[in-house]
Amino acid sequence: MPMFKRMSHLSANKYLVAVSNVFLMALPLVLISTFCELVALICDYFNFSDFGKTVHYVGETTGIMIPIVVNFYLATYLSAVKRIPKGTAIATSLTVFFIVSYQWNLISPLIPLPVSFPVSLFTAYISCEIIAKLKNIRIFRVKANHSFIDISMSMLAGSIVTISMALSISFMLRKIFEQLSVMVSWSFIPRLDPTSFLDGLIYEVLRGLFWSIGINGHNILQMYKSELYDITIINITEWHNFGVDLNILSTNFYDFFTGIGGSGNMLSLAICMIFFAKSKGYKMLAKSALVLCLFNVNEPILYGIPIIFNPIMIIPFLLVPAVSFVVAYSAIYIGIVPPLSEIHSWLMPPFISGYLATGGAISGALLQLLLVVIGITIYLPFFKLMDKRSLGIGVSDIFSNRLFTSDEIEVKTRLTSFIPSLHINLSAQQQIEKLQAEGEFILYYQPQVDIKNNKISGYEALIRFRNHQGNILPPTFISAFNQLGLMPELDLWVLDKAIKAAEKFIVINPDFKVSINISPDTLLSKNFVRIVKDRITDSSLSFRHIELEFTEELLILDEVKVTQVMFELHALGISVALDDFGTGYSSLAYLSRFEFDKVKIDRSLVLNLDCQRGKELFQIAVQLGKITQADIVVEGVEQQSELDFIASLGVRYIQGFYFYQPMSEDDLLHGGLLTQQSHEVVDY
């Protein structure tokens, strides 16, 4: 658990999340560059060399642009965080990035553009940090009453000072580095040897660690891979010409043995998800990403799980390639598999690449197959744990008795956030698990009173929690269910329980009606109306016994879908109520578009009835509700003065503590409130 908490805090760090997000935003360029490389590879195979060279050049050029885009995105983000002018931050950051890259000769030989990802990130951060500090100095401070020329001059002055300071620091560091290079031997400083087993293993772990926080480890450690590529070219040439031994570690060793499907051997994880995932969301993600994994492109599945900041999946993500490294190195070292004697594109699919790169040895392909199986074996227990805990995708089987699960409804899986706030998900998960261990969820019912004839007209079903000591707790846990995407299962559980209770209630009172709250995720799920219809049809209730309550939030999400659902519910004879009327900004517009049977005025408007303005606003809300010819219900009435004013406006239905608090099923059955005679209430 300490590791979980540390990773949770990391996942909430705005700067680390910013770095992950900017790389994610640059993902389209990565995929375009990869696609171009793949097309070029196919063109070369079919002897379309001219077109292949053009596409290859486009791919390389696109790849070179990625550090610039990352710098741009990070400067944009930091300008918002530090509240500095966006234009100044972006222009300054890019200028510093270009000049520093030229100072240190970090320029692409293909196109004279900067290519260093660390410098891209560092210059963006330093530039924005300096601009933010200068903002506190009077001469650089921009005020609203300044003229456009004054504002422009202040921004320009701040930009010039920032560029000067950043370049001065870079210049001094460069001079110090050059002097030390002359005066000191750097042989004592550890440096990764591209042909060393230990250093190669360190490189593989470092690459995974960078990926675990959303940074392309290959790009950050590009110097190592570039050096290894040059060594591999020379080694293969000398092997052909002079018969020297081939190195075990080559540029394709990592591509074909420790990066099968992309860094972390993502092909193993994709297969693991397809065959063992219980979540439909995971299966869908794996199937869509499998084709890309076959060409060693791992970004969609890497961010889509996600691996990033995920304390469960980071462990196998680091372990699988490390084990694969040791197994592949050992297989080549003892002679089971020949060393790689050819260089091929990293996009070449697994098994084909192992066969060709080893000079046509079947053992090379079999070694890759073995590594995929090993990867599946390692990933599987961790993935099952994540699948169960549902950290950011799908719906988890939280309770052993499947308390809130339903196989009949297609729940909207959480694929919307590639980099979720993991600490929030973990907190929600722990809250629900704690509740399940300390008690049970139950339904309470609050009567709605018809003050015209002094009778109870219906009951609203309300979910509550009862601990082992018998204490009843309010539904503060609903936000946790919503965070984990479990509201549809919670709503259907409430629906099932309410229907079973209502079957007992109608025996005593055939006119009984129960109102049930429905969340947006539930109503917008596939087959919602059919499921409600089947539940009621299989019971002894008729459709008129059920009323569903929707909030304005739902209406905003999908007006067309909600209209269709309401039409189908009305066709069945199920009533529909607008809940929390008066709390949103668009209630009036929605009253004119939807046919509600009942409008429930929220308690927040009742709380303001002690002042004239509050009374006038409440009166307007009642008038708006009456225009729709729907029944008006006022919630949260607790005092005689509130009831007197509401009654004077012609409102007929009241729900609140003034008459009844929410009560249990047993209280309704044995307290006499369901009988016709007991409907009499105290006259206000």
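**Close-up 1. The second largest pocket has a volume of about 930 Å³.** The model shown here is predicted. The pocket is lined by 33 residues. Closest to its centre are Glu-460, Leu-462, Ile-478, Asn-517 and Asp-579. Several elements give two or more residues each to this lining: strands β2 (455-467) and β6 (575-581), along with helices α19 (478-483), α20 (487-508), α21 (520-523) and α23 (552-557). Strand β2 supplies the largest share, 5 residues. Sorted by class, the lining holds 13 nonpolar, 12 charged and 8 polar residues.

**Close-up 2. Glu-460 is one of the residues closest to the centre of the second largest pocket.** Glu-460 sits in strand β2. Its relative accessibility is 4%, so Glu-460 counts as buried; the cut-off for buried is under 20%. The side chains of Glu-460 and Asn-517 are joined by a polar contact of 2.8 Å. Asn-517 is also among the residues closest to the pocket centre. Leaving out residues up to four places away in sequence, Glu-460 touches Tyr-444, Tyr-445, Gln-446, Gln-448, Ser-515, Asn-517, Glu-549, Lys-600, Glu-635 and Gln-655.

**Close-up 3. Tyr-224 and Tyr-254 form an edge-to-face aromatic pair.** The whole structure has 22 aromatic pairs. In this one, the ring centres are 6.3 Å apart and the planes meet at 75°, so the pair is edge-to-face; that class needs planes over 60 degrees apart. The pair links distant parts of the chain. Tyr-224 belongs to helix α10 (residues 222-242), and Tyr-254 belongs to helix α11 (residues 251-258). The two tyrosines are 30 residues apart. Tyr-224 counts as buried because its relative accessibility is 7%. Tyr-254 is buried too, at 0%.

**Close-up 4. Tyr-329 and Tyr-333 form a stacked aromatic pair.** Here the rings lie 6.5 Å centre to centre, with 15° between the planes. Both tyrosines are in helix α15 (residues 314-333). They are 4 residues apart, so about one helical turn separates them. Tyr-333 is exposed, at 63%; exposed means over 50%.

**Close-up 5. Ring pairs link nine residues into a cluster: Phe-197, Tyr-203, Tyr-224, Phe-253, Tyr-254, Phe-257, Phe-325, Tyr-329 and Tyr-333.** The edge-to-face partners Tyr-224 and Tyr-254 belong to this cluster.

**Close-up 6. Asn-47 has a positive phi, near 65°.** Most residues other than glycine have a negative phi. Asn-47 is not a glycine, yet its phi is positive. Where in the chain is Asn-47 found? Asn-47 is in the loop between helices α3 (27-45) and α4 (49-82). Asn-47 is exposed, with a relative accessible area of 68%.

**Close-up 7. Asn-265 also has a positive phi, of about 50°.** This residue is not a glycine either. Asn-265 lies in the loop between helices α11 and α12 (266-276). Is Asn-265 buried or exposed? Asn-265 is buried, with a relative accessible area of 0%. Asn-47, by contrast, is exposed.

Note on methods: Residues numbered from 1 in each chain as written. Predicted model: local features only at pLDDT ≥ 70, side-chain atom pairs only at ≥ 80, totals over all residues. Heavy atoms only, no water. 1 Å grid on protein atoms, 1.4 Å probe; cavity = no way out; pocket = protein on both sides within 12 Å on 5 of 7 lines; lining within 4 Å. Points joined across faces, edges and corners; volume = space filled by probe spheres on them. Nonpolar A, V, L, I, M, F, W, Y, C, P; charged D, E, K, R; others polar. Buried < 20%, exposed > 50% of the residue type's maximum accessible area, 1.4 Å probe, protein only. Polar contact = N/O pair within 3.5 Å; in protein donor to acceptor, adjacent residues only side chain to side chain. Contact = heavy atoms within 4.5 Å. Phe/Tyr/Trp six-rings, centres within 6.5 Å; stacked < 30°, edge-to-face > 60°.
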